[in-house]
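This briefing concerns a single predicted model. Please consult the sequence and structure shown below while reading the points that follow.

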Amino acid sequence: MSRFATKICLVTGASRGIGLAIATCLAEEGAHVITAQRGEAPGFESYQIDLTDTDAISSLITDIIAQHGRLDVLVNNAGIMPHAPLQDMALSDWHNTIALNLTTPFWLMSKALPHLSRVGGAIVNIGSIEGLGANAGHSAYCASKGGIHALTKSAAVDAGPLGVRVNAVAPGWINTDLNEAFINDMPDPAAFRADIAKIHPLGKTGEPSDVAGLVAFLASDDAAFITGQIITIDGGRLSRLPLP
Ligand code: NDP
C-alpha cells in the first residue's frame, strides 16, 4: 500500500516507542516523515527540539513549509507520564505534563492548521485510556489525556469547515520504554507482567505497531468521513468488567 505517497507527515516523539512505530508505518506507505523530539530519530528527517518550547514549535512549522511547501499529516504523539500520589505530585511535574501532553498539541495544531487546510490534511492525537479512567498516581497524566480527548473534539469542530479531520487514539497498555520504567518500579516486575497480560481479553498487552496501524488508518483517506472521534485500542481491557 502507498496511501501516503507524496505526503509530508510530521510525527512528534518519534525517537522510540509508539512514535517510532508510527513514523515507520507512514514511511513504509510512501510518506516523507519528519520527526520532532529532543533526541535523534535515525532514518528520518529530524528536528531535535524540546516541544514544550512554543517558539520552537512555531519555527518548526515555518521551516517545514519553507523546505517542503506543504504539510499533510500531523501526529501529536510526544508525551510524559510522571507518577506520584496527588498529595505528593510536584507542581513542576503537573506543569511539565500539561505543557507537553496538552499545550504542545494545541499549539502545533494551531500553527499547522492553515497549511493542512490547503491540502485537506489530517491530525491524529495520541490520547490514552487514562483519559477515560484513571490509574493511581497519575493526576497530571490523566488530566492531560482527558484534555487531549476534549481538545480533539473541539479541534475537529473548528477544523472541519477548513477541510481538515482531527481524531485521537486512546491506547491501553503498549510495550514501550515508558511502561518498562513503570514495571521496573514494581516490587515484583515479573509477576506484574503476567498480571497485566491477564486483564486483557486478548491475553496480551499491545505493541507500538498495533497503534501505528490505527493512526495510519485515521490519517489516510480511508477515514475520509471520520472526525472528532476518540478510538480506543486496548485489547478489550476497558470492556471487561472487574467482577462477574
Ligand atoms: P516513550 O517514552 O517511549 O516515548 C516518548 C517520546 O516523546 C520520545 O520520542 C521522546 O523523545 C518524546 N519526548 C518526551 N519529552 C519530550 C519533549 N519535552 N520534547 C520533545 N519530545 C519529547 O513513550 P510511548 O511511546 O510509550 O508513548 C507515546 C505516546 O503514547 C505518549 O503520548 C503516551 O502518553 C501515549 N500512550 C502510551 C501508552 C503506553 O502504554 N505506552 C498508552 C497510552 C498512551 P526524546 O526523549 O528524545 O525527547
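In this predicted model, strand 4, spanning residues 73–76, is covered on both of its faces. Val73 and Val75 are buried on one side, and Leu74 and Asn76 are buried on the other.

**Pairing of strand 4**
- Strand 1 (residues 8–12) pairs with strand 4 in the parallel sense, and three bridges join the two.
- Within the pairing of strands 1 and 4, valine 11 has valine 75 of strand 4 as its bridge partner.
- Strand 4 also runs parallel to strand 5 (residues 122–126), to which four bridges join it.
- Leucine 74 has isoleucine 123 of strand 5 as its bridge partner.

**Overall fold**
- The chain contains seven helices and seven strands.
- Their order along the sequence is β-α-β-β-α-β-α-β-α-β-α-α-α-β.
- The chain is as compact as a globular protein of its length, because its radius of gyration of 18 Å is close to the 18 Å that the globule rule gives for 244 residues.
- Along the principal axes, the C-alpha atoms occupy a box of roughly 50 × 40 × 35 Å.

**Packing and contacts**
- Buried residues make up 48% of the 244 in the chain.
- Of the contacts between residues at least 6 apart in sequence, 70% join residues at least 24 apart.

**Surface and charge**
- The accessible surface amounts to about 11,400 Å², and carbon and sulfur atoms account for 57% of that area.
- There are 15 positive and 23 negative side chains, with the centres of the two sets 6 Å apart.

Methods:
Residues are numbered from 1 along each chain as its sequence is written. This is a predicted model: local features need pLDDT of at least 70, side-chain atom pairs count only at pLDDT 80 or more; totals for chains, interfaces and linings use all residues. Side-chain values use heavy atoms; hydrogens and water are left out. The radius of gyration is taken over C-alpha atoms; the globule rule is 2.2 Å times the number of residues to the power 0.38. Buried means under 20% relative accessible area, exposed over 50%, partly exposed in between (1.4 Å probe, protein chains only). Contact means heavy atoms within 4.5 Å. Accessible areas come from the Shrake-Rupley method with a 1.4 Å probe; for residues, only the protein chains shown count as cover. Lys and Arg count as positive and Asp and Glu as negative; His and the chain ends are not counted. The place of a charge is taken as NZ of Lys, CZ of Arg, CG of Asp or CD of Glu. Two strands pair if DSSP finds at least two bridges between them.
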